[in-house]
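Thanks for asking me to look this one over.

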Amino acid sequence: MNRYGRPDGWEAPREPPADSRPRILLLGASGFVGGGLWHRWAPRHAVVGTYATRPAPGLVRLDLRDEARLAALAADGFDLVVHAAGLVPLEAAEADPALAHRLNVRPVEVLLDALRGSAAKLVLLSSDNVFDGTRPRYTEADPRSPVNVYGRTKVAAEDLLLAEGGHLIVRIPLVFGRGPWANTFLSRLAAPTTPARTDLVCAPVYLPSIAPALARLWHHTGVVHYGGADVVTRFELMSRVQQALDLPTRVVPTQGTAAGSGCRRPPRLVLRSTRHRLLGPTLDSALAHLAATF
Ligand SMILES: NC(=O)c1ccc[n+]([C@@H]2O[C@H](COP(=O)([O-])OP(=O)(O)OC[C@H]3O[C@@H](n4cnc5c(N)ncnc54)[C@H](OP(=O)(O)O)[C@@H]3O)[C@@H](O)[C@H]2O)c1
């Protein structure tokens, strides 16, 4: 039994001791993933978090396009600059490739310039969308071949870090869970019906598990993957979440063309690592935790 009274509910691992806790700048703390990181780190670390349009308590405003301010903030003596900000919805990136480049690539150049010569490490959150989804699984050694604009901007940003050396790229898959303020994932289940693809396979990762995983990965440099334990279709994932939370939505199976998205999506994205043994919690244990904390 864990502290939620469940036999198998996921539990957050312990934090490292205080003297090994870095000072962190968290870009995109108002977002879904950044919010999950902020929620976990703010009580434990010296962390400065940023927002652009959605203010939240304790966060400072920063537009990634204000390059002077971005550079000045990044160079303010942090140990880690965790970059979780940018243009994330795939359709939005597809509709405006120039904006996607402006928000997902150019700020990385500015950050690398600002951090050059300092001891700070840049941790870039990247995506499984750097792959085309034609292989059964992807490790860090697999070649990237993005099929959409979002994926191409992620590849371009990764290339900047790889050329510089000494920094870290953490590729994550589809994230599920409840964000502290930006509920991007659960808001999909708020309508009377929720369309979900049966032809897209993923190994999704549970939001609260990402912060403790990053804390165990940030000594790495180069690329690491952090994938979820279970491989499911989008439809299975949404149905399992709907059932676990007993939500009054009907999850409706859809397929590519019927889904009506103008953006190509890789059909199967399963991230695995050859550099470490860390995997996200199983769907069963993550959903037990989500239901107990909903
Ligand atoms: N969610 C996933 O399933 C997933 C999967 C793989 C990888 N990732 C990666 O994880 C990271 C975070 O994704 P997310 O899902 O949390 O996205 P999100 O909820 O859309 O959050 C994006 C963040 O970027 C900020 N932002 C947007 N435009 C900005 C600008 N012009 N200046 C400064 N900040 C700006 C947003 O600030 P405001 O909200 O305040 O405007 C927000 O904090 C991204 O790098 C994404 O590629 C996410």
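1. **Ground rules.** This is a predicted model, in which local features need pLDDT of at least 70 and side-chain atom pairs count only at pLDDT 80 or more, while totals for chains, interfaces and linings use all residues. Residues are numbered from 1 along each chain as its sequence is written, and side-chain values use heavy atoms, with hydrogens and water left out.

2. **Overall fold.** The protein has 11 helices and 14 strands (DSSP runs numbered from the N terminus, with helices being H or I of at least four residues and strands being E of at least two). Its radius of gyration is 18 Å, close to the 19 Å that the globule rule gives for 294 residues, so the protein is as compact as a globular protein of that length. The radius is taken over C-alpha atoms, and the rule is 2.2 Å times the number of residues to the power 0.38. Along the principal axes, the C-alpha atoms fill a box of roughly 50 × 45 × 40 Å.

3. Of the 294 residues, 52% are buried (buried is under 20% relative accessible area, exposed is over 50%, and partly exposed is in between, with a 1.4 Å probe and protein chains only). Taking contacts (heavy atoms within 4.5 Å) between residues at least 6 apart in sequence, 77% join residues at least 24 apart.

4. **H1 against H8.** Two packed helices are described by the angle between their axes and the distance between the axes. For helix H1 (residues 32-41) and helix H8 (residues 210-217), the axes come within 8 Å and cross at roughly 75 degrees. Axes here are lines fitted to C-alpha atoms, for helices over the stretch in contact, and angles run from 0 to 180 degrees between N-to-C directions. That makes H1 roughly perpendicular to H8 (65 to 115 degrees; under 35 is roughly parallel, over 145 roughly antiparallel, and the rest oblique). Val-33, Leu-37, Arg-40 and Trp-41 of H1 meet Ile-210, Ala-211, Pro-212 and Leu-214 of H8. By class, these are 7 nonpolar, no polar and 1 charged (Ala, Val, Leu, Ile, Met, Phe, Trp, Tyr, Cys and Pro count as nonpolar, Asp, Glu, Lys and Arg as charged, and the others, Gly among them, as polar).

5. **H8 in its surroundings.** How many residues of H8 are buried? The count is 7 of its 8 residues, so described as mostly covered. The buried residues of H8 pack against H1 and several strands, including E5 (121-127), E6 (168-172) and E11 (222-225).

6. **H2 against H5.** Helix H2 (residues 67-74) and H5 pack at an angle of about 45 degrees, with their axes 9 Å apart; they are therefore oblique to each other. The contact has 8 nonpolar, no polar and 2 charged residues.

7. **Ala-114.** This residue lies in helix H5 (residues 106-115). Setting aside residues up to four places away in sequence, Ala-114 touches Ala-71, Ala-74 and Ala-75.

8. **H4 against H6.** The axes of helix H4 (residues 97-104) and helix H6 (residues 149-164) come within 10 Å and cross at roughly 35 degrees, and the crossing is right-handed. Pro-97, Ala-100, His-101 and Asn-104 in H4 meet Val-149, Tyr-150, Thr-153 and Ala-157 in H6. The residues divide into 5 nonpolar, 3 polar and no charged.

9. **Gly-177.** Look for Gly-177 in the loop between E7 and helix H7 (184-187). Is Gly-177 buried or exposed? At 0% relative accessibility, Gly-177 is buried. Beyond its neighbours within four places in sequence, its contacts include Phe-32, Tyr-206 and Leu-290.

10. **Asp-246.** Please check the backbone here: phi of Asp-246 is near 55 degrees, a positive value in a residue other than glycine. Asp-246 lies in the loop between helix H9 (234-245) and strand E13 (250-254) and is exposed, with a relative accessible area of 65%.

Technical notes: Left-handed = near helix turned anticlockwise from the far one by under 90°.
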